[in-house]
Amino acid sequence: MAKKYVIGLDYGSLSGRAVLVDVENGREVATSVFEYPHAVMDEYLPDGVTKLGYDWALQDPQDYLDVLSNTIPAVLRDAQAAPEDVIGVGIDFTACTVLPVKKDGTPLCFLPEYKSNPHSYVKLWKHHAAQPWANKLNEIASERGEEFLSRYGGKISSEWLFPKLWQILDEAPEIYKAMDCFVEAADWMVWQLTGELKRNSCTAGYKAIWNKKKGYPSKEFFRALDVRLENVVEDKLSTDIYSLGQKAGEITAEAARLTGLCEGTAVAVANVDAHVAIPAVGITEHGKMLMILGTSTCHIFLGEEEKVVPGMCGVVEDGVLPGFMGYEAGQSCVGDHFDWFVKTCVPKRYYDEAEALDMNIHKLLREKAKKLAVGESGLLALDWWNGNRSVLVDVDLTGVMCGMTLLTKPEEIYRALIEATAYGTRMIVETFKENGVPITELYAAGGISQKDELMMQIYSDVTNMEIRIADSLQAPALGSAMFGALAAGAERGGYDNIVDAAKAMSKVKDYVYRPIAENVTVYDRLFAEYKRLHDYYGRGENDVLKHLKEIKKEAACAKK
């Protein structure tokens, strides 16, 4: 009997990947990664002429289609798997990543008349230029006493859907008028495969203020924001929301030609990259937090009841797994600021040393940083190079490094940046615990979790908790593959519920990071200082970071 496979498609900030997975045991048979040719557009459009504003982050949806046409044929070829043996496909996407499209799904940026308009392109999750609209939304919602605000920790950020859409309405009303739909990239990809738009409950719940019981906020609220938004849900969105684990449709003839898959192959309702990784590490019960470590970090976990927690990114019923309240928190800058540091602050002699030792620069810095005792550098950083997602929900905050002297070395700064991200995670964990949401175990997924032993040990020491590591380097893709198996169903060789799929297909490594007592003691002292700085700069006592950012904007505008 021929083996049955499912494909998980995981779309990140810089690349998309496909993983071909054995349905029976979760073995990852083949993987293919496609780097987006346009990457993140934060300075110019593809024409090289149209300049973007401050804090913009756009993408070209053609890159997403190219992921399909490159990675799926590659995994089939590498595994020598027959297309008819693939029973299902699941897709996840970094969110909130949204684009304006026509009613047939054509992105506005594909149309010649809009190709030079920045608002016609995909707005990536970290498009923070919409923050002024987020601020206005929060102010009006607070004044009106809108109850939905508490489900998002008291604030909606520019990383959510409505601030991005409102920015388009204000700055490019012609784009707002021309679009028939404003859609999550995750749902757009399912649309491209199945010919049907099925909006998923995960992005709707976490990123678009939708609630399973109450729906979207009222027309009165949207009218209070802007009279032109009164009917925004009916005009640009939809009240038809589909649950995770459902079948969205089947591969069309056109999609079969694009991907090499068989027409009629089941496709799952889309998901978010962080959330879909939960079953990939076998989490099917409450109290276990998963950290998905990448350019940013998402913290996902299951609860038994809805609690109001300051600064959480959202709590959504059935938002992660059926039957649970799914909680989300996050940090906007993790891998991003390690990458920034090595590209801008590390001297050439370190690169020369790394080359002589045949290791990359991150590995060299980690090896040097390992030799430092906890607290030896005298440094303390705030991990806000890309703003703060949780628990302050403030993208206008910026990074801080304290304690530098003329003797400070690159490896000391590098370690301080790692420690800062660990302190940020501890702030999140403690905030949830203090507000009645128990977190008893930590799990980690993503390439960093497997490559960086120093970072994982620091996280264990800072949080004083054990950490288990996903066995898969592609946990979100594996999770998406599981939902592809649900879309196929047991009748076709898949599964009928996510618990059964997780039992059969999930994996974690057989080792555990455990806190080192003497390190925990010193990190407790350092965290107390971090928390003091966190509140001083982040809760309004000293707004110097925002003042500096405003002066920077003014100077940039004057320079033009």
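1. Basis. In this predicted model, local features need pLDDT of at least 70 and side-chain atom pairs count only at pLDDT 80 or more, while totals for chains, interfaces and linings use all residues. Residues are numbered from 1 along each chain as its sequence is written, and side-chain values use heavy atoms, with hydrogens and water left out.

2. Nonpolar cores. A nonpolar core is a set of buried Ala, Val, Leu, Ile, Met, Phe, Trp, Tyr and Cys residues joined through side-chain atoms within 4.5 Å; buried means under 20% relative accessible area, with a 1.4 Å probe and protein chains only. The largest core has 66 residues, of which Phe 432, Met 455 and Tyr 459 touch the most other members. Helix α14 gives the most to this core, twelve residues. A second, separate core has 45 residues, among them Ile 87, Ile 300, Leu 321 and Tyr 495.

3. Helix α11. Helices are DSSP runs of H or I of at least four residues, and strands are runs of E of at least two, numbered from the N terminus. In α11 (residues 335-344), the buried residues are Gly 335, His 337, Phe 338, Phe 341 and Val 342. They pack against α12 (348-356), α13 (361-370), α14 (410-434), α15 (447-451) and α16 (453-463).

4. Arg 151. This residue sits in the loop between α2 (131-144) and α3 (161-171). Arg 151 is buried, at 5% relative accessible area. Not counting residues up to four places away in sequence, Arg 151 touches Asn 211, Glu 306, Met 312, Gly 314 and Val 315, where contact means heavy atoms within 4.5 Å.

5. Cysteines. With a disulfide taken as a pair of cysteine sulfur atoms within 2.5 Å, the count is zero. For Cys 109, the nearest cysteine sulfur is that of Cys 181, 15 Å away. The sulfur of Cys 313 lies 6.9 Å from that of Cys 298, its closest, which is too far for a bond. Cys 109 is buried at 1% relative accessibility, and Cys 313 is buried at 3%.

6. Cavities. A cavity is a set of points on a 1 Å grid over the protein atoms alone where a 1.4 Å probe fits but cannot get out; lining residues have an atom within 4 Å of a point. Five cavities of 30 Å³ or more are found. The largest holds about 80 Å³, and its lining includes Glu 184, Asp 187, Arg 199 and Tyr 216. Strand β9 (199-200) and helix α6 (201-207) are the elements that give two or more residues to this lining.

Conventions. Buried means under 20% relative accessible area, exposed over 50%, partly exposed in between (1.4 Å probe, protein chains only). On a 1 Å grid over the protein atoms alone, a cavity is a set of points where a 1.4 Å probe fits but cannot get out, and a pocket is an open set with protein on both sides within 12 Å along at least five of seven lines; lining residues have an atom within 4 Å of a point. Grid points are joined across faces, edges and corners, and a volume is the space filled by probe spheres set on the points.
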